Every structure is written in C-alpha cells, then in structure tokens.
Amino acid sequence: MPPSSGIPETVLVTGASSGIGRATALELAGRGAQLVLVARGREALDEAAVEVRAAGAADVVVCPADVTDEDAVRGAVDAALEQFGRLDGVIHAAQVMAYGTIEELPRGIFEAVVETAVHGTAVVARVVLPVFRKQEAGHLVVVNSLLGSVATPLMGSYVAAKWGQLGLVRVLQQEIRDAPGVHVSAVQPGGVDTPIYFQAASWTGSTGRPPPPVYSPWRVARTVVSTLDRPRRVVQAGFLNPVIKAGFVLFPGLYDYLVGPLLQRMAVADDDVPPTEGNVFASRPEGNATEGHWRSF
C-alpha cells in the first residue's frame, strides 16, 4: 500500500522485462510509483524502463539479476534502499516455462523451471522479508498460477514449480504472523496473453498458447496491484479458476480423462518446431514484450 506520508511508494518488480511483470510495472507507474525493475536481460529491462517512465513513474532503477542468484537479488534490494530509503512492496513475477512429458523433457530444463519458481521465490523472500520486518511494513506478492493448484500433462515441470511455489508462499504466510505489518500473497492467473508460451522450452513438436478464457496482462496486473493494496492469502485472476479447481478435486477421474484432449486442442499451438530450450537458460530479448499475440479481454 502506498505510504501515507505522501512519499511515492517504492516497489521492486521481478520479471519486469516481459508479460505480467512488465504490465504490473506499467500499472504502478501510472500512479507515480518509484520502481526497481529486475530481470535477467538488460536490453529488455532498459526498454521497459523507458515505457514506465513515460507512463508516469516517479523514478526507475534498472537491476539485471537472475532471481536464483541471491547476491544479485540482494544487490537490487540494496539499490532500492540506497536510492529511495525504503521498499514498500515486491512483485515477484519472474518465471520460465517448458512443454514436454516427464520422460522426454531433459533433466536440466525440468530443474531450471522448478529452480526459478521455488528457489527463486525463497531467495526473494530471504532478502526482502528482513527489510520488511525492520520497517515493520511491506508486502511480497508472488505471481503463481492456476497450475499451482491443478495438474495437466505435458507441463510437469511447470506444475511442479508452481505447486512448490504456492506451498512456499503458504509457509511464508505462517512464518510472518509475528510481523503484523508484513504480508505475503499469491495471485493465480489462468491463461494470459503474454510471450511466456512461445518463449518456453518445448519437446512436444509445438509451442504453447494460453488456454481460454485468455486474460490480458493488463487485467492480471490490476489484480496484482489490488492485492498489493489489500493483502489476501491467495487471489484468483481467472473467472473459471474456481470451477477448474473444483473439478480437479471433486471429480479426479473425469478431470484426468478430459484434461489431455482439451490441452491438445486449446493450449498447444498448431505449429511444427524442433526441440528448443526457449528462454529457460538465458534471456531472449527479441521475444520479450508485455503482450503475446492472442485475443484476450
């Protein structure tokens, strides 16, 4: 929540060079926030910084960093504190994705997807929560996924990553109960029109696409920012999410029967690509953008 003193809020955003992270940074810029933008590649971060300044950000600091690198994340937080004197919120949106069965997907790809979500979130928490405790205020919002609560074939690495991440968020919520001014929340989007699907690694012969209903990144960003302002444990950003989660829990046999064919029909692109590592191991700035190329609302 913005400080009550009239000083602009200071928010650090990971994954700020593309997709939901970039859209959230722009949404925060529109209300005059001071922003620290974090992602692996400087080129796309610099482009995002130009956009958020034009959108109204009070100030912008660019800090290239991989969220699994604790020293680099600590450096970004230190830069925020040095420049702005405090850190009011952190939006943790950094993530990579891969398509392929557990048997086919190379071990290194699988581990990198899980590492980004689980270890990356732990690193961010280890660095920022002590700052929030010292300030007696602060909010960490983690962008999770509907796939943090359900399962689907061909996305085992991402499912494992997001289930682990959500479990970690729930533990963090329990562990900060002694700090009433400090909050940790998760936002679970469904399908979103961002580049993550065609930036993903794939061992399926095709790239991915967001399953319907497809939300715009701006719509999800507004949900993320509203969660930053009004802390809640887990927030849905997809009106069918509760229905899908209920089907997964209450009718597992029917869910498992339907999910594979529906995934192939609605969440796998009709293209032909060789095996690709996508952006799992390194930033691909040419593919970074706020939006993908799918129709959304």
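Helix H3 passes helix H4 in a right-handed crossing, meaning that the near helix is turned clockwise from the far one by less than a right angle. The model is predicted, so local features need pLDDT of at least 70 and side-chain atom pairs pLDDT 80 or more, while totals for chains, interfaces and linings use all residues. Residues are numbered from 1 along each chain as its sequence is written, and side-chain values use heavy atoms, without hydrogens or water. Helices (H or I, at least four residues) and strands (E, at least two) are DSSP runs numbered from the N terminus.

**H3 and H4**

- H3 covers residues 70-84 and H4 covers residues 107-135; their axes are 8 Å apart and the packing angle is about 30°. Axes are lines fitted to C-alpha atoms over the stretch in contact, and angles run from 0 to 180 degrees between N-to-C directions.
- From H3, Glu70, Val73, Arg74, Val77 and Leu81 meet Val123, Val124, Arg126, Val127, Val128, Val131 and Gln135 of H4, where contact means heavy atoms within 4.5 Å.
- This contact of H3 with H4 comprises eight nonpolar, one polar and three charged residues. Ala, Val, Leu, Ile, Met, Phe, Trp, Tyr, Cys and Pro count as nonpolar, Asp, Glu, Lys and Arg as charged, and the others, including Gly, as polar.

**H4 and H5**

- H4 also packs on H5, at an angle of about 20° and with the axes 7 Å apart; the two are therefore roughly parallel to each other.
- The crossing of H4 and H5 is right-handed.
- On the H4 side, the residues that meet H5 include Phe110, Val113, Val114, Ala117 and Val118. Among their partners in H5 are Gly156, Ser157, Tyr158, Ala160 and Ala161.
- By class, the contact of H4 with H5 holds 13 nonpolar, five polar and two charged residues.

**H1 and H2**

- H1 (residues 19-29) and H2 (residues 42-54) have axes 9 Å apart and pack at an angle of about 25°, and are therefore roughly parallel to each other.
- H1 and H2 make a right-handed crossing.
- Arg22, Ala25, Leu26 and Ala29 of H1 meet Ala44, Glu47, Ala48, Glu51 and Val52 of H2. Six of the residues in this contact are nonpolar, none polar and three charged.

**Second largest pocket**

- The volume of the second largest pocket is about 220 Å³. Gln173, Gln174, Ile176, Arg177 and Arg233 are the closest to its centre among the 14 lining residues.
- A pocket is an open set of points on a 1 Å grid where a 1.4 Å probe fits, with protein on both sides within 12 Å along at least five of seven lines; lining residues have an atom within 4 Å of a point. Its volume is the space filled by probe spheres set on the points, which are joined across faces, edges and corners.
- H5 (156-175) and strand S7 (182-189) each supply at least two lining residues, and S7 gives the most, with four.
- The lining divides into six nonpolar, four polar and four charged residues.

**Backbone exceptions**

- Most residues other than glycine have a negative phi, and most peptide bonds are trans.
- Glu136, not a glycine, has a positive phi of about 65°; Glu136 sits in the loop between H4 and strand S6 (138-143).
- The peptide bond from Pro212 to Pro213 is cis, with omega near -5°. Pro213 is in the loop between strand S8 (201-202) and helix H7 (217-229).

Technical notes: Parallel < 35°, antiparallel > 145°, perpendicular 65-115°, else oblique.
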